[in-house]
Amino acid sequence: MNKTVIAYVPESSPVYRFHPATRLVFFVVMGFVPLFISRPLVNGLVVLGFVGLFWVSRVNLLQLRMYVPMLVTVGLFIFLTYVFFPGKMAHPVLLARIGPIPLWQHPLSLALAAYVRILALLAASLYYFYTNRERDILVAFRKFRVPFLVTYFIGLTLRVAGMFIEDFHVIREAQLARGLDVTSMGFFRRIQLYAMYMVPMLAIALRRGDEITNALFAKGFSLRPGQRTDYLLSKMPWRASDTLVTVGLVAAGGLVAWLGLSTHSL
Amino acid sequence: MATPMKSPNVWAVAPGEKRIVTAGHFVMAALFTGIGVVVGTFGSLAVPLGFVSAFWPGQAIQAVGSVWYGMWGGVASFVFPLISNALSGSAPLPVSLVYIPGNFVQGMLAGWAMRKFGCDPRLRSKKDWVVFTVVGVILANAFGAAWGSTTLRIFHLISPSSQPVVFAGWWIGNTVPSWILGVLMLKLISPMVIRTNSFVKRYWA
């Protein structure tokens, strides 16, 4: 199993047939394409396509359950703003009335389009972080010749985030072992709880910062640019199929953007 | 009653003291970004309220980061929301990219104000409390909420006429946890941080 940024994915997953840089291009293209699509049906198909991709890539779909509350509240938020603050309408069409609240057709259709679009955009982000490891992200950036300092910063950040998630779980499990029930807590109690997480985590961070700095100093790390060998990059070869897929993705993305901006046909 | 001793200005650079950028600053920026990713992600997932997270403790990390580590904290301020928004599913990449200037200013205001007005990060005097609360939390969150709600409006994620309400909800909702967490971190951890080599007196070193 590969430990990705968010989950575990089998090494035999078809997604790993592509170079990490190709996967990054896919993320960037699909992270923008839904913006140029105005029809909810088309963006809905993009979302379904991502569900299929998750399945084909052998990501355990049950792991996505943790995002359900967020996705539901995002939807609620969009719809509520359009229901309660519909703004001025040229030709208002009343669809229904829930008590004193009128439901107008135009604002609701705008809300639906925005919600499905945001689902498609979020699916692209989640798919990328569900299927890529820290090293994949680094290799992708280095393939595109992003300066070493930037990629090192990103790598260190992702590594440190992983370490802090472990620290966070340790603190959380210690609290659970002492009978703390987070689910029954109110809003302000949760804020207090977060304050309790922050202080030990920051104290750990300061100590860890010193350790990492000393290790970097011992290894002769310099902030100045220079010639470096790249072991990771050499382990992940770029194939002809990657060129083909990357060119195809960029061309398809460009075409969708052009169609969306010039003809509004999507 | 003993007269309280005036605390020395922690930002003052002593004669002959050299302040240079080291790997330690770089590491602390990455560490703060990492902490921000974790805190921001879990904060958004713990109390999910759509784009307007009524509980986003990330602003406390941004403000405190810029107070302790200057521009390195400012860098962390705009980098970690890019990652944490993607991981928590609270905002897609294009929206997060447009948030960048808002996040940078929202984070850096506290660091700028504490340096500009010579305030102690350990919050020892009334002036320290007022500057951090008014500029580092209230004004910073007002700017962040204004930028954020405008971004949501540009992306049609809220209706145009709902922007003032979204702004108010965002501002008030983020200000409360930011203030509580920021004050706790500054009071409890600043005494340790200002003794470390990576503490930034100016903006980069």
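Here is a short chat about the pockets in this predicted model.

Trainee: How is chain A divided into domains?

Mentor: The assignment gives domain 1, made of 2–140 + 236–263, and domain 2, covering 148–224. Taken over C-alpha atoms, the centres of these two domains of chain A are 29 Å apart.

Trainee: Where is empty space left?

Mentor: Rolling a probe the size of a water molecule over the atoms shows that. Here, the largest pocket has a volume of about 1,100 Å³. It has 36 lining residues, and V5(A), I6(A), I165(A), H169(A) and F42(B) are the closest to its centre.

Trainee: Which elements give two or more residues to the lining of the largest pocket?

Mentor: From chain A, look at α5 (134–143), α6 (148–177) and α7 (187–218); from chain B, α1 (23–46). The largest share is from α6(A), with 10 residues.

Trainee: Why does the largest pocket lie between domain 1 and domain 2 of chain A?

Mentor: Because both domains give residues to its lining.

Trainee: What about the second largest pocket's volume?

Mentor: That one is about 610 Å³. Of its 23 lining residues, F141(A), I154(A), V79(B), L82(B) and I83(B) are the closest to the centre. The most comes from α2(B), which gives 7 residues. The second largest pocket also lies between domain 1 and domain 2 of chain A, because both contribute to its lining.

Trainee: How do the residues of each lining divide into nonpolar, polar and charged?

Mentor: For the largest pocket, count 22 nonpolar, 6 polar and 8 charged. For the second largest pocket, there are 23 nonpolar residues, with no polar and no charged ones.

Note on methods:
Residues are numbered from 1 along each chain as its sequence is written. Chains are lettered from A and ligands numbered from 1 in the order in which they are written. This is a predicted model: local features need pLDDT of at least 70, side-chain atom pairs count only at pLDDT 80 or more; totals for chains, interfaces and linings use all residues. Side-chain values use heavy atoms; hydrogens and water are left out. Domain bounds come from an automatic or database domain assignment. On a 1 Å grid over the protein atoms alone, a cavity is a set of points where a 1.4 Å probe fits but cannot get out, and a pocket is an open set with protein on both sides within 12 Å along at least five of seven lines; lining residues have an atom within 4 Å of a point. Grid points are joined across faces, edges and corners, and a volume is the space filled by probe spheres set on the points. Helices (H or I, at least four residues) and strands (E, at least two) are DSSP runs, numbered from the N terminus. Ala, Val, Leu, Ile, Met, Phe, Trp, Tyr, Cys and Pro count as nonpolar, Asp, Glu, Lys and Arg as charged, and the others, Gly among them, as polar.
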